[in-house]
Amino acid sequence: MTEWMPNTWRDYPVHHLPQYANQERLHAVEKELRKSPPLVFAEEALQLKKSLAKVANGQAFLLQGGDCAESFADFSANNIRDMFRILLQMAVVLMFGSGMPVVKIGRMAGQYAKPRSSETETKNGITLPSYKGDNINGIEFSEQSRQPNPDRMMQAYHHASATLNLLRAFAQGGFADLNKVQEWNLGFVQDSLQGEIYQRFARRISATLAFMKACGIKSETVPLVRETSFYTSHEALLLPFEEALTRVDLSTGDWYDCSAHFLWIGERTRDPKGAHIEFCRGINNPIGVKIGPNTKVDDILRLCEVLNPLNEAGRLTFITRMGPVKIFDVLPPLLRAVEREGLKIVWTCDPMHANTQTTSTGLKTRDFDAILSEVQAFFDIHKAEGTFAGGLHFELTGKNVTECVGGTVKITEEELAEHYDTLCDPRLNATQSLELAFLVAEILKKNS
């Protein structure tokens with residue numbers, strides 16, 4: 001391997017990056033970002049890697065979830081709180097089911113860029129560049145909005161900074177106190193079947209905490225009861241942004257991408273000879289790679305060789321996105337190859353992307369039963385292979401949207417347009433997310 005620097009990716013083939021018309025302005029924005037304070041710190045990313053090492057060793061479980069594409073327009077304290085809250089709810093349910101710690105990572109404070117299957121979009125005979133996330137261009141279907149604008153990177157930086165400040169306050173300031181577990185129920189969830197189940201579940205936790213308090217274990221004296229660790233992640237797609245926020249840790253000499261704690265490489269950009277892999281191989285953050293139904297054993301082994309040459313536990317996470325049928329053919333050979341080579345990998349399941357379909361109305365959706373089927377298949381395969389199903393990766397929201405059909409809320413295709421707010425792909429709403437958490441908790445109990 002050649003010597004790595006944050007900019008060596010520029011010498012490699014690159015895909016899914018925007019073409020900026022104003023290169024002078026792009027360079028000015030990159031310069032401004034390089035001078036800006038880091039969004040996260042090396043020590044935080046290192047702590048996450050240590051937690052993920054426990055997942056790789058079968059001693060913890062990973063929950064990663066959040067928006068498909070974050071929006072500048074939807075930025076608000078309430079939306080950040082509701083996303084954080086539903087992830088907390090899911091985490092305590094999964095922790096109860098698995099009997100082990102749950103590592104919590106949000107697709108938050110940076111998920112502003114998205115690869116698209118087509119470079120252009122046509123409406124009413126007019127063809128414009130596809131929307132690629134607020135970090136790159138705008139959702140409005142107009143010539144001006146759809147042109148890539150480097151100034152959006154500074155907007156993304158400031159939105160991410162504010163989001164991280166609030167997330168840290170929620171995680172460390174008392175909002176995550178387990179004594180408040182009954183207060184985490186969102187209003188519209190509280191009136192649902194899942195809300196009722198969660199309330200019963202929360203009462204059991206409260207009774208346990210009351211007993212612990214009587215024994216002298218209380219939030220005032222034990223920080224683990226009142227605080228939680230919460231990390232952020234996004235796809236490392238817009239490499240000029242990622243490079244500009246990459247810093248060297250003076251205490252170790254290691255490079256970290258300080259835009260997020262955890263970065264992942266998408267299915268479309270995981271070419272081992274491509275720019276995105278080149279960039280990610282040199283940063284010391286924990287890294288994820290999405291792998292789809294066409295993944296071969298050689299692909300996996302090469303990615304391990306390039307991204308985790310020291311075979312460090314917690315460094316590399318594979319995120320499967322294969323569909324509930326193909327996963328049975330594709331995943332087992334990959335697991336066997338990794339086990340045979342003694343490679344330390346975190347295996348997680350993204351059951352969203354391979355289950356996207358377009359309805360007759362033109363809206364994209366995902367079927368809750370198909371999502372659950374892929375999750376169940378993921379756990380069944382790992383159990384049959386004697387390997388550890390380490391986590392789940394969801395696109396979800398704390399809002400009461402109607403984007404995915406099914407679940408106990410029984411959203412139908414005819415109801416999708418009622419609250420269809422996503423900028424890109426359909427997300428589970430809070431009720432569906434909580435339902436899925438309970439179902440996965442049952443799987444975890446059976447497999448333990």
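Tutor: Helix α3 gives 4 residues, the largest share, to the lining of the largest cavity. Here a helix is a DSSP run of H or I with at least four residues, a strand is a run of E with at least two, and both are numbered from the N terminus. This is a predicted model, in which local features need pLDDT of at least 70 and side-chain atom pairs count only at pLDDT 80 or more, while totals for chains, interfaces and linings use all residues. Residues are numbered from 1 along each chain as its sequence is written, and side-chain values use heavy atoms, with hydrogens and water left out.

Student: What makes a set of points a cavity rather than a pocket?

Tutor: On a 1 Å grid over the protein atoms alone, a cavity is a set of points where a 1.4 Å probe fits but cannot get out, whereas a pocket is an open set with protein on both sides within 12 Å along at least five of seven lines. A lining residue has an atom within 4 Å of a point. A search of the whole structure finds 4 cavities of 30 Å³ or more. The largest cavity holds about 240 Å³ of space, and 17 residues line it, with D67, E70, D74, N79 and I80 closest to its centre. A volume is the space filled by probe spheres set on the points, which are joined across faces, edges and corners.

Student: How do the residues of the lining of the largest cavity divide?

Tutor: They split into 5 nonpolar, 6 polar and 6 charged. Ala, Val, Leu, Ile, Met, Phe, Trp, Tyr, Cys and Pro count as nonpolar, Asp, Glu, Lys and Arg as charged, and the others, Gly among them, as polar.

Student: What lines the second largest pocket?

Tutor: Its lining has 35 residues, and R116, K364, L423, C424 and D425 lie nearest the centre. Strand β3 gives the most to this lining, with 3 residues. By class, the lining has 9 nonpolar, 11 polar and 15 charged residues. About 720 Å³ of space lies in this pocket.

Student: Why does F279 count as buried?

Tutor: Buried means under 20% relative accessible area, exposed means over 50%, and partly exposed is in between (1.4 Å probe, protein chains only). F279 has 0%, so F279 is buried.

Student: And why is K383 called exposed?

Tutor: K383 has 53% relative accessibility, which is over 50%, so K383 is exposed. K383 lies in helix α13 (residues 368–385). Beyond its neighbours within four places in sequence, K383 is in contact (heavy atoms within 4.5 Å) with K446 and N447.

Student: How do you know that N124 is exposed?

Tutor: N124 has a relative accessible area of 82%, which is over 50%, so N124 is exposed. N124 sits in the loop between β3 and β4 (126–129). Its phi is near 50 degrees, a positive value in a residue other than glycine.

Student: What makes W4 and F279 an aromatic pair that is tilted?

Tutor: Rings of Phe, Tyr and Trp (its six-membered ring) pair if their centres lie within 6.5 Å; planes under 30 degrees apart are stacked, over 60 edge-to-face, and the rest tilted. The whole structure has 10 aromatic pairs. W4 and F279 are 6.3 Å apart, centre to centre, with 50 degrees between the planes, so this pair is tilted. W4 lies in the segment before α1 (23–35) and F279 in helix α10 (residues 275–282), so the pair ties together parts 275 residues apart in sequence. W4 has 11% relative accessibility, so W4 is buried.

Student: Why is the pair of F84 and F230 called edge-to-face?

Tutor: Their centres are 5.0 Å apart and their planes 70 degrees apart, which is over 60, so the pair is edge-to-face. F84 is in helix α3 and F230 in the loop between α8 (223–226) and β5 (231–235), so the pair ties together parts 146 residues apart in sequence. F84, at 0%, is buried, and F230, at 12%, is buried. Ring pairs link F84, F170, F175 and F230 into a cluster.
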